[in-house]
Amino acid sequence: MILKKRNSKTFYTDYEIKNIPDGIASSDRVLRYAPYYIIEDFLTDDILKEVTNFTEKKHNSLIKGSVIGYSHQEAEQNNLRDSSIHFIEDDEFEKYNNYIANKVSEINKNIFNLDLSCFMTPQYAVYDRGQHFNWHPDGPFGVLDRRGLNCIPDDLAWRKLSLSIALNDESEYTGGDFQIVDPSANPSCAIVNTIRMAKGTAILFPAFSAHRVSPIIDGIRKSLIYWFCGPRWK
Amino acid sequence: MEVIQKYDLNDPVLFRNYQKNNTVIDVPYYIIENALTDTQIEEILALLSVYDSDAIDSEQFNNNEHLKWLYINCRDEEKPSPYGITKRVLEFRPYDDVIIQKCLDINKRVWNLDINGMITTKYLIYEKGRYSDWHTDGSFGVQSEADSSIVWRKLSATVALTDDEYDGGEFEMVLSSNPSTSYVKIKPSKGSIILFPPFINHRISPVTRGIKKTLVYWFCGSRWR
């Protein structure tokens, strides 16, 4: 598979190392930092249509999204999250799961090269007017107990890469920006990258990166979320 | 260790519970208190202060860092470094060994990352008014010409050699939660070590009095996986 080349319209964070640190890389090597990766037309129009035909049927069985450790009421009260979701477990969706997982696997090989072994039940997420998902990582980088020991068992699947696919176009809603921290930006001025996605576009990022969906002002935002897992960070 | 400001201590996302018993916190960094004794710190300062006047100004290399530094090589044959000056200080070896061992022990307990090497120890001097702007020490993902032979920085460590000797000069990090409110600002105590993954955004605020001295270690290994 040939990866799509970056262009100025997309939002790749593309830091060329101007001062190559000693011992890291030779000066003739150009590295592009990729704290996240955007893929335009991740889903072709045909597949997008099939996927949305499927997800539209789920609108009568949407539930409120919660946050680990919190009920959806607590999440809403604490201004953490207010969104409607559906976990897709239908057999008929398996072919799309496989299609998406294969694509991500290819991209991962080229960009992040992380050990991935599985993905979790995908989530269809709908944000209506006023709804949002405040800043959060999808998974931890390190988790300590009170003794200062990493307390997630080695054999547990860690969320390593998150994928968000836009199922409708950013022109269909105002607000609802996808924002993700820029790890080397000055937090006092430009801490985040704001990304508005055309339908079919996807963003792939390490699960420990903070991101949010800002409140919807008008319209409705629909996306499909996957978490790819593997052994703990090495 | 004085944590001056810890924003959003009640941020339920940052400090969310992974278990219901309220004992688990999600933090990317780790502080080793009293990693070195006051005597050891005094001995290190005595050894290294001799070279203070040789330290070079980082401003000539980039506009992000505003401090002076030297590389301290206590192991290998003298080798040129692309930036700055390397001083060979063999007497520093025992202290270097202690610091490295403590960092590797914590890595094993906390992250267990693949680490198989390190970059030459760097000695940093922040005089009044000097600082280091927001930066990361290394990247997470690399696109294009990255090959497996590249050494990746996996853990950064900063050893505090002074504390009462200066004001300002706090160590600040942006954590993986609400970036506009959740960051920590730490005034490390002498002899302590802060360990953190190099992709964490951090800075040193301007020193307003005295001189801040630190040692910086970068532990390297295979690329993130």
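Colleague: In β18(B), which residue is the bridge partner of Met118(B)?

Modeller: That partner is Phe219(B). Keep in mind that this is a predicted model: local features need pLDDT of at least 70, side-chain atom pairs count only at pLDDT 80 or more, and totals for chains, interfaces and linings use all residues, while side-chain values use heavy atoms, leaving out hydrogens and water. Residues are numbered from 1 along each chain as its sequence is written, and chains are lettered from A and ligands numbered from 1 in the order in which they are written.

Colleague: What makes β8(B) and β18(B) a pair?

Modeller: Two strands pair if DSSP finds at least two bridges between them. β8(B) and β18(B), residues 212-221, have eight, in the antiparallel sense, so they meet that rule. Strand β6(B), residues 68-73, also pairs with β8(B) in the antiparallel sense, over five bridges; there, Ile72(B) has Thr121(B) as its bridge partner.

Colleague: And how do you know what to call a strand?

Modeller: Strands are DSSP runs of E with at least two residues, helices are runs of H or I with at least four, and both are numbered from the N terminus. Ile204(B), for one, sits in strand β16(B), residues 202-204.

Colleague: Why is Ile204(B) called buried?

Modeller: Buried means under 20% relative accessible area (exposed is over 50%, partly exposed in between; 1.4 Å probe, protein chains only). Ile204(B) has 8%, so the label applies. By the same rule, eight of the 10 residues of β8(B) are buried.

Colleague: Why does Arg130(B) count as buried, although an arginine?

Modeller: Its relative accessible area is 13%, so Arg130(B) is buried. Arg130(B) lies in the loop between β8 (117-126) and β9 (131-135) of chain B.

Colleague: Which residues does Arg130(B) touch?

Modeller: A contact means heavy atoms within 4.5 Å. Not counting residues up to four places away in sequence, the contacts of Arg130(B) include Asp57(B), Glu59(B), His66(B) and Ser205(B). Ile204(B), leaving aside its neighbours within four places in sequence, has among its contacts Tyr126(B), Tyr131(B) and Phe171(B).

Colleague: Where in chain B does pLDDT stay under 50?

Modeller: pLDDT is the predictor's confidence in each residue, from 0 to 100. Over residues 1-23 of chain B it stays under 50. Where pLDDT is low, the predicted coordinates should not be read in detail. Chain B averages a pLDDT of 80, and 76% of its residues score at least 70.
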